[in-house]
Amino acid sequence: MKKIIRLPGRDGERGAWSVQGVLARWAPALVTPSTLRAPRSLSALAMCAVATACAQSPAATTTPAPATPAPAAAADTQRVSFDRSKRPELGPAPSVSLPPIQTRELANGLKIMVVEQHELPVADFVLLVGTGAEADPAGRSGLATLTAGLLSEGTTARSALQIADQEAFLGVEVDAVAGWDASRVVLHAPTAQLDSALALFADVALRPAFPAKELERVRKERLTSLIQLKDRPPAIADRAYASIVFGGAHPYGQPMSGTEAATRAITRSDVERFYRAAYRPNNATLIAVGDVTADDVARRAEALFGAWARGTPPAAKFTTPPRAGATTVYLIDKPGAVQSSIRIGGVGVPRSTEDYFALAVMNTILGGSFTSRLNQNLRETKGYTYGARSRFDMRKVAGPFTASAEVTGTKTDSSLIEFMKELTTIRDTVPAVELAKAKSFLQLQLPGSFETTGSIASQLVPLVLYGLPLDYYNGYVQQIERVTQADVQRVARRYVDPSNVVVVVVGDRKSIEPGLKALGVGSIVLRDLEGKVAGGSVGAPQTK
């Protein structure tokens, strides 16, 4: 989705101030309070002023005396003095009040959410399908993302090239992606082209042809990408970490982009079957934000999607993740690697948790911002990494909690010490100043998430997926403000336990294993590049 970049203030404001300078110098009598309030009229006045001044000026060899600036122009040159010895203080968090979210529903079950934004003649649409990679069948990991990727590769009426040509001709963007919990088809378009843009959007969403030729091309591209991932320690660590934390039978234990074996096994019939099951109106919501009205969107949706037939969407099969035990270090050898990729954590919480706001504040302090404890320690103080972070990935069911960094290989053991220290001390009471800073960070960044029609549409997605109230964001600032030191300590002690975490390290085993073994953080288990059990272990028996 495209990001709209707006110039500050009203149209013409920047030009208005330079015009006032011309008026102040050449025609001070024209600089009046009324001209200061009407920037759009100043250009004509300036031209008249300059023309008059030129007509009245003496010969070119005569140097005109500088005009005395008019009092009204003093505001242009007024300077505000600052005390640079003091750090500026943040103001109070602004309250956020979104325009009303209007809802409709078609007879076939397609829900509609509309936010009217009439500042610019553009609109963003998201067709949100409530099924994602968690519904990939056994042995077919990556099917949801492959299906979404093929939607724009040809329909029953248009080839992939024709779709691309029409996007370019109309000046619109159509795309389709899949993730955990959802798949989505998105459209960004100027409202002047809305009829044609929505026709293309609906064609991609409702009538994909899944051409065999395009499937084979996309399959080869994905296989190439998967081979490349084997040479990227961060990707190896991410995939191995998910597999170890959730187990091979859990949907979250499988990679969203699939494996080489699964990618080779997926057939065109698999893609069609998944699409027919998941992409149904009673499993979808159409989100529209921009220079539109709710009634107009509902009318267009009825014409384009009204004949879409209901169906029974596939149900994800969530198994129970392996029980967390004593901390174990899973070491994956990447010979010659100069850096080590570290992942630490375990099963976290679902998005529906009642501790959401307390966790948001706690994680901001721990590793959710540039000034977080993890980043300040491992990056700014120690210099072991360019960035250390932590995250609760909250989904329909409990996703992972992960603390991570890419660190200098020779400092792998030292980095692990600092990680464990921060995971331990966050369980103590956080200082009031640190709590206030974290809350301000979350509160003050909220308005920036609603700058464009596309960003507003993206922010509406969690409301649909996780059943949040439509006025959720209107109370966000207040909910963050209610979080106390006791709340932060409670959730830290409940959800962050360094004595029961999975530690995945991808690096040069020869150089980093002795230091990891000497730490005594936990037993060391060897895994291969795919996260599977490797030959041999150091320490306790392999249990996962």
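Q: Contact means heavy atoms within 4.5 Å; which residues is Pro431 in contact with, leaving aside its neighbours within four places in sequence?
A: By that cut-off, and in this predicted model, Pro431 is in contact with Arg373 and Gln485 once neighbours within four places in sequence are set aside. Pro431 sits in the loop between helix H15 (412-425) and H16.

Q: How far apart are Pro431 and Gln485 in sequence and in space?
A: Along the sequence they are 54 residues apart, while their C-alpha atoms are 7.7 Å apart.

Q: Why is Pro431 called partly exposed?
A: Its relative accessibility is 43%. Partly exposed is the class between the limit for buried, under 20%, and the limit for exposed, over 50%, so Pro431 at 43% counts as partly exposed.

Q: What makes Val461 count as buried?
A: Val461 has a relative accessible area of 4%. The cut-off for buried is under 20%, and therefore Val461 at 4% is buried. Val461 belongs to helix H17 (residues 453-465).

Q: Which residues is Val461 in contact with, leaving aside its neighbours within four places in sequence?
A: They are Leu128, Arg184 and Ile287. For Arg184, the C-alpha separation from Val461 is 9.8 Å, although the two are 277 residues apart along the chain.

Q: Among contacts between residues at least 6 apart in sequence, what share joins residues at least 24 apart?
A: The share is 78% in this protein.

Q: What makes Arg217 and Glu153 a salt bridge?
A: Their closest N and O atoms are 2.6 Å apart. A salt bridge needs a side-chain nitrogen of Lys or Arg within 4 Å of a carboxyl oxygen of Asp or Glu, so the Arg217 and Glu153 pair qualifies.

Q: Why does the pair of Arg217 and Glu153 tie together parts that are apart in sequence?
A: Arg217 is in helix H8 (residues 212-229), whereas Glu153 is in the loop between helix H5 (143-150) and helix H6 (160-170), so the pair ties together parts 64 residues apart in sequence. Both residues also belong to a network of salt bridges that links Glu153, Glu214, Arg217 and Glu221.

Q: How do Arg217 and Glu153 count by relative accessibility, buried or partly exposed?
A: Arg217 has 33% relative accessibility and counts as partly exposed. Glu153 has a relative accessible area of 16% and is buried, because buried means under 20%.

Q: How do you know that Glu481 and Lys439 form a salt bridge?
A: Their side chains meet at 3.7 Å, N to O; the limit is within 4 Å, so the pair counts as a salt bridge. The pair links distant parts of the chain, with Glu481 in helix H18 (residues 476-481) and Lys439 in helix H16 (residues 432-445), 42 residues apart. At 46% relative accessibility Glu481 is partly exposed, and at 8% Lys439 is buried.

Q: Why is Asp393 called buried, and why is Arg391 called exposed?
A: Asp393 stands at 18% relative accessibility, and buried means under 20%, so Asp393 counts as buried. Arg391 stands at 51%, and exposed means over 50%, so Arg391 counts as exposed. The two side chains meet in a salt bridge at 3.6 Å, N to O. In total, the structure holds 28 salt bridges.

Q: Which residues have the most contacts inside the largest nonpolar core?
A: They are Ile344, Val361, Met362, Phe392 and Phe419, in a core of 70 residues. Helix H13 (residues 356-366) gives the most to this core, with 9 residues. A second, separate core has 68 residues, including Leu110, Leu200, Phe246 and Ala288.

Q: Which residues is Phe392 in contact with, leaving aside its neighbours within four places in sequence?
A: The set is Gly348, Val349, Leu359, Met362, Asn363, Pro400, Phe401, Tyr495 and Val496.

Q: What makes S7 and S12 count as paired strands?
A: Pairing requires at least two bridges between the strands. Strand S7 (residues 328-333) is joined to S12 by 5 bridges, so the two pair, and they run parallel. Thr328 stands opposite Ser523 in S12.

Q: What makes strand S12 mostly covered?
A: In S12 (residues 523-527), 5 of its 5 residues are buried. Ser523, Val525 and Arg527 point one way, Ile524 and Leu526 the other way, and all are buried.

Terms used
Residues are numbered from 1 along each chain as its sequence is written. This is a predicted model: local features need pLDDT of at least 70, side-chain atom pairs count only at pLDDT 80 or more; totals for chains, interfaces and linings use all residues. Side-chain values use heavy atoms; hydrogens and water are left out. A nonpolar core is a set of buried Ala, Val, Leu, Ile, Met, Phe, Trp, Tyr and Cys residues joined through side-chain atoms within 4.5 Å. Buried means under 20% relative accessible area, exposed over 50%, partly exposed in between (1.4 Å probe, protein chains only). Helices (H or I, at least four residues) and strands (E, at least two) are DSSP runs, numbered from the N terminus. Contact means heavy atoms within 4.5 Å.
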